[in-house]
Amino acid sequence: MEALQKADDGNFLRSLADIFLALGDAETAHKMHVEAFEVQQQAGIQVMLPWLHLVRAYSSWKVGQYEEVDVHIDHALRACTEHTDDYTAVHALLFLAQVVATQGNLERAVEIGAAARAVSRWERSLTGRKVFVEPLEELTRNLSPELAAAAKARGRNRDIWTIAVEFLDEIKGPIWQWA
């Protein structure tokens with residue numbers, strides 16, 4: 001019973017942290033994601049850990065804790081590909097598309113975002129829309145309409161699981177940069 005209460009507490013903290021992310025307060029979100037992660041681990045309940053790894057990676061990225069990003073995005077991608085967790089996979093790809101956009105590869109970012117959005121049924125959630133979709137759209141708005149259309153078409157024809165596995169290798173490579 002105590003483990004379930006801890007899991008509920010961890011899930012509450014994670015949900016609240018996600019709201020802070022959506023409101024643009026990454027510092028508070030990150031602190032709460034760290035605490036939620038610790039509580040969930042203590043509870044020993046694994047079901048929400050892939051999502052928690054993802055949002056902790058995202059909030060870590062937003063506050064410049066890149067070593068944490070490496071650890072948590074790796075766990076999130078591995079878990080979602082091993083268990084075909086498309087909810088986490090879609091949002092992980094939307095996050096990674098934002099990173100790719102900040103690296104200057106807008107066309108690739110749009111392609112990855114289109115692949116993720118092609119299977120997403122949850123992007124209208126607060127976290128999906130405010131944290132993952134709208135920032136990606138803002139980052140890629142300067143891409144020409146022609147290039148954006150071509151990238152979206154390519155993305156809609158890509159498999160999210162293939163992209164996720166490709167990222168597992170790429171983010172460990174020597175040229176990957178979070179900043």
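Author: Helices are DSSP runs of H or I of at least four residues, strands are runs of E of at least two, and both are numbered from the N terminus. The model is predicted, so local features need pLDDT of at least 70 and side-chain atom pairs pLDDT 80 or more, while totals for chains, interfaces and linings use all residues. Residues are numbered from 1 along each chain as its sequence is written, and side-chain values use heavy atoms, without hydrogens and water.

Reader: Where does T84 lie, and is T84 buried or exposed?
Author: T84 belongs to the loop between α4 and α5. Its phi is near 40°, a positive value in a residue other than glycine. T84 is exposed (over 50% relative accessible area; buried is under 20%, partly exposed in between, with a 1.4 Å probe and protein chains only), at a relative accessible area of 55%.

Reader: At roughly what angle do the axes of α4 and α5 cross?
Author: Helix α4 covers residues 66-82 and helix α5 residues 86-102. Their axes come within 9 Å. Angles run from 0 to 180 degrees between N-to-C directions of lines fitted to C-alpha atoms over the stretch in contact, and here the crossing is at roughly 140°.

Reader: How many residues in the contact of α4 with α5 are nonpolar?
Author: Contact (heavy atoms within 4.5 Å) is made by V69, I73, A76, L77 and C80 of α4 and by T88, A89, A92, F95 and L96 of α5. By class, one residue is polar, none is charged, and the nonpolar residues number nine.

Reader: Which helices do the buried residues of α9 pack against?
Author: In α9 (residues 160-170), the buried residues are I160, I163, A164, F167 and L168. They lie on the same side of α9, because they cover an arc of only 145° around the axis. Their packing partners are α4, α5 and α6 (106-119).

Reader: How far apart are the ring centres of F167 and W176?
Author: Both residues are buried, F167 at 1% relative accessibility and W176 at 9%. Rings of Phe, Tyr and Trp (its six-membered ring) pair if their centres lie within 6.5 Å, with planes under 30 degrees apart stacked, over 60 edge-to-face and the rest tilted. The planes of F167 and W176 stand at 80°, so the pair is edge-to-face, and the centres are 5.8 Å apart.

Reader: Which residues do ring pairs link into a cluster?
Author: The whole structure holds nine aromatic pairs. W178 is buried at 7% relative accessible area. The cluster linked by ring pairs consists of W51, Y58, W61, Y87, F95, F132, F167, W176 and W178.

Notes:
Ala, Val, Leu, Ile, Met, Phe, Trp, Tyr, Cys and Pro count as nonpolar, Asp, Glu, Lys and Arg as charged, and the others, Gly among them, as polar. The arc is that of the directions from the helix axis to the C-beta atoms.
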